[in-house]
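This report describes the fold, the helix packing and selected residues of one protein model. The sequence and the structure are shown first.

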Amino acid sequence: GAEECLVRMRAARLQPNKRTYASLADAHAKSGSLEDTRARLQQAAAEGMRSDAHMHAAMVNAFLRRDDLEGAARYLDEATAGGLEPNAVIYTSIMDAWAKRGDTAQATAWFEKAIRNGIKPGIRTFNAVINAFAKKGDKDSVLQWVAKAEAAGLAFDEATYTAVINTHAKTANVGGAMQWLGKMRRGGLQPNVFAYTAALTACAKSRSDHFDTAWDLMQ
């Protein structure tokens, strides 16, 4: 694994650099090992390397892997106080975690915090908030945030369209689901299995007879 690569590097008299330790920290973060992730950052610091956004992102992700969103927030606040300038990736990862809980207030608050700290949000950052509202079936808020992303000049991706279609599916709005499936195609994207499944769900939940619509989707 990653640790074995480090051993081989040292055996070959190659000096690990900041990117090496960032990769090791990221590998430990993905396994949810907070202690090992922190140890790699401390080792880098002991060798005179100042932690950068990539290293701090690994620590944040280690907290998130444990579903410790509060711990991730505390760590980020401490790192920021120490001079870190968080990037969009770090903020988006935290927003995604809150979105999975369906906590729209926290997802929105972190979006606003990112803006205050000079982050220019991309479509993935907007998607985090959109997904939070989609999880709750709040169609109006989903469409409001989609409009904000469009006003920011961003192109929608598969996740954006699928979130909107899912929202319509929750309310059995077949027309809305099909409309956004069409928009997805016209936007140059091939609907994926998640988008089709959401549209089929809308058909299944509708009290009206949408057998033909569902059949056409499966062709």
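## Basis of the model

The model is predicted, with local features needing pLDDT of at least 70 and side-chain atom pairs counting only at pLDDT 80 or more, while totals for chains, interfaces and linings use all residues. Residues are numbered from 1 along each chain as its sequence is written, and side-chain values use heavy atoms, with hydrogens and water left out.

## Overall make-up

The protein chain has 13 helices and 0 strands. Helices (H or I, at least four residues) and strands (E, at least two) are DSSP runs, numbered from the N terminus. Read from the N terminus, the order of elements is α-α-α-α-α-α-α-α-α-α-α-α-α.

Of the 219 residues in the protein chain, 43% are buried. Buried stands for under 20% relative accessible area, exposed for over 50%, and partly exposed for values in between (1.4 Å probe, protein chains only). When contacts between residues at least 6 apart in sequence are considered, 58% join residues at least 24 apart. A contact means heavy atoms within 4.5 Å.

## The largest nonpolar core

The largest nonpolar core holds 65 residues, and W110 and I165 touch the most other members. Such a core is a set of buried Ala, Val, Leu, Ile, Met, Phe, Trp, Tyr and Cys residues joined through side-chain atoms within 4.5 Å. Helix α4 (residues 53-65) gives the most to this core, with 9 residues.

Leaving out residues up to four places away in sequence, W110 touches A73, L76, Y91, I94, M95 and W98.

## Helices α4 and α6

Two packed helices are described by the angle between their axes and the distance between the axes. For α4 and helix α6 (residues 88-100), the angle is about 10° and the axes are 10 Å apart. The pair is therefore roughly parallel. Axes are lines fitted to C-alpha atoms, for helices over the stretch in contact, and angles run from 0 to 180 degrees between N-to-C directions. Angles under 35 degrees count as roughly parallel, over 145 as roughly antiparallel, 65 to 115 as roughly perpendicular and the rest as oblique.

On the α4 side the contact is made by A53, A57, V60, N61 and L64, and on the α6 side by I90, S93, I94 and A97. These residues comprise 7 nonpolar, 2 polar and no charged. Ala, Val, Leu, Ile, Met, Phe, Trp, Tyr, Cys and Pro count as nonpolar, Asp, Glu, Lys and Arg as charged, and the others, Gly among them, as polar.

V60 lies in helix α4 and is buried because its relative accessibility is 1%. Apart from neighbours within four places in sequence, V60 is in contact with A72, Y75, I90, S93 and I94.

## Helices α7 and α8

Helix α7 (residues 104-116) packs with helix α8 (residues 123-135) at an angle of about 165°, and their axes are 9 Å apart. This angle makes the two helices roughly antiparallel. Their crossing is left-handed, that is, the near helix is turned anticlockwise from the far one by less than a right angle, clockwise being right-handed. T104, A107, T108 and F111 of α7 meet T125, F126, V129, A132 and F133 of α8. By class, the contact has 6 nonpolar, 3 polar and no charged residues.

F126, in helix α8, is buried, with a relative accessible area of 5%. Beyond four places in sequence, F126 touches F111, P121, W145, K148, A149, A152 and L154. F126 and L154 are 28 residues apart in sequence, and their C-alpha atoms are 9.4 Å apart.

## Helices α10 and α11

The angle between α10 and α11 is about 170°, with the axes 8 Å apart. The two are therefore roughly antiparallel, and their crossing is left-handed. E158, Y161, V164, I165 and H168 of α10 form the contact with G176, A177, W180, L181, K183 and M184 of α11. The contact divides into 7 nonpolar, 2 polar and 2 charged residues.

## Positive phi in two loops

A172 sits in the loop between α10 (158-170) and α11 (174-186). Its phi is near 55°, a positive value in a residue other than glycine. A172 is partly exposed, at 22% relative accessible area.

D67 sits in the loop between α4 and α5 (69-81), and its phi, near 60°, is also positive in a residue other than glycine. D67 counts as partly exposed because its relative accessibility is 46%.
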